[in-house]
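The sequence and the model are shown first, and the description follows.

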Amino acid sequence: MLTILSQYIFNIEIKFIILIQYLFKGPEKNLNIIKCGKIITNKQYQNQLISYSVLFAFIKSIFADGISFTAVRIFIEIFLKIHFIMYGSKTINFHIKQTCKICRPYLEDTNIQNITIKKDKSKSFSFPSNSIQNSYVFYWLILNLISPYSYINFTIISIIIGLLSFIKTIRGLHYLHDIISALFIGKCILLGVSFIL
């Protein structure tokens with residue numbers, strides 16, 4: 001019964017991906033948007049954002065407390081904390097992927113178009129979406145470091161995740177449940193971090 005239900009859900013999700021590709025004329029016609037997604041998830045770009053954000057927090061603490069050992073400690077703690085959390089998120093995602101081993105949608109149905117940029121994704125697994133999960137965690141950490149818990153942060157993160165979700169769907173890389181699960185896992189990581197740290 002569970003296998004029939006899961007196959008039914010997969011079939012609906014495959015039809016959804018095909019519909020999105022049809023409505024937006026496939027991945028080939030959306031290369032500029034796909035390239036934007038590559039920038040958002042680029043590790044080098046994200047490391048620069050970490051540096052700028054931590055520097056911003058450091059300067060903010062200097063204006064609040066003056067140059068002190070506490071300000072330097074805060075700088076180092078924030079920098080290490082972000083890297084530690086991101087490492088944890090990537091590790092969790094990797095282990096879930098290796099446990100579930102769900103193939104990518106374009107490998108399951110030949111009607112789904114695919115476009116490969118830089119890396120061949122056929123050898124990696126679909127569930128949960130690494131880009132969605134880690135981008136959600138990363139941008140939440142960075143934006144809340146600059147301006148804690150604001151509506152602007154929520155809006156920016158929603159735009160980023162919406163854009164990445166569209167890109168992953170139009171490329172045939174992820175099912176809808178991959179994206180939703182990645183957001184849920186990312187949220188759980190952030191909740192766990194808020195309790196621990």
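Predicted model: local features only at pLDDT ≥ 70, side-chain atom pairs only at ≥ 80, totals over all residues.

Asn144 belongs to helix H6, which covers residues 130-146.

When residues up to four places away in sequence are left out, Asn144 touches Tyr149 and Asn153. With Asn153 there is also a polar contact between the two side chains, at 3.3 Å. Phe154 is 10 residues from Asn144 in sequence, and the C-alpha atoms of Asn144 and Phe154 are 9.6 Å apart in space.

## Aromatic pairs

A pair of aromatic rings is described by the distance of the centres and the angle of the planes. Three aromatic pairs are found in a search of the whole structure. One of them joins Phe10 and Tyr175 in an edge-to-face arrangement, with 4.8 Å from centre to centre and 90° between the planes. Phe10 is located in helix H1 (residues 2-23) and Tyr175 in the loop between helix H7 (151-170) and helix H8 (176-196), so this pair ties together parts 165 residues apart in sequence. Both Phe10 and Tyr175 are buried.

Phe24 and Phe166 also form an edge-to-face pair, with centres 4.9 Å apart and planes at 75°. Because Phe24 lies in the loop between H1 and helix H2 (31-40) while Phe166 lies in helix H7, the pair ties together parts 142 residues apart in sequence. Phe24 has a relative accessible area of 40% and is partly exposed.

Key
Residues numbered from 1 in each chain as written. Heavy atoms only, no water. Phe/Tyr/Trp six-rings, centres within 6.5 Å; stacked < 30°, edge-to-face > 60°. Helix = DSSP H or I, 4+ residues; strand = E, 2+ residues; numbered from the N terminus. Buried < 20%, exposed > 50% of the residue type's maximum accessible area, 1.4 Å probe, protein only. Contact = heavy atoms within 4.5 Å. Polar contact = N/O pair within 3.5 Å; in protein donor to acceptor, adjacent residues only side chain to side chain.
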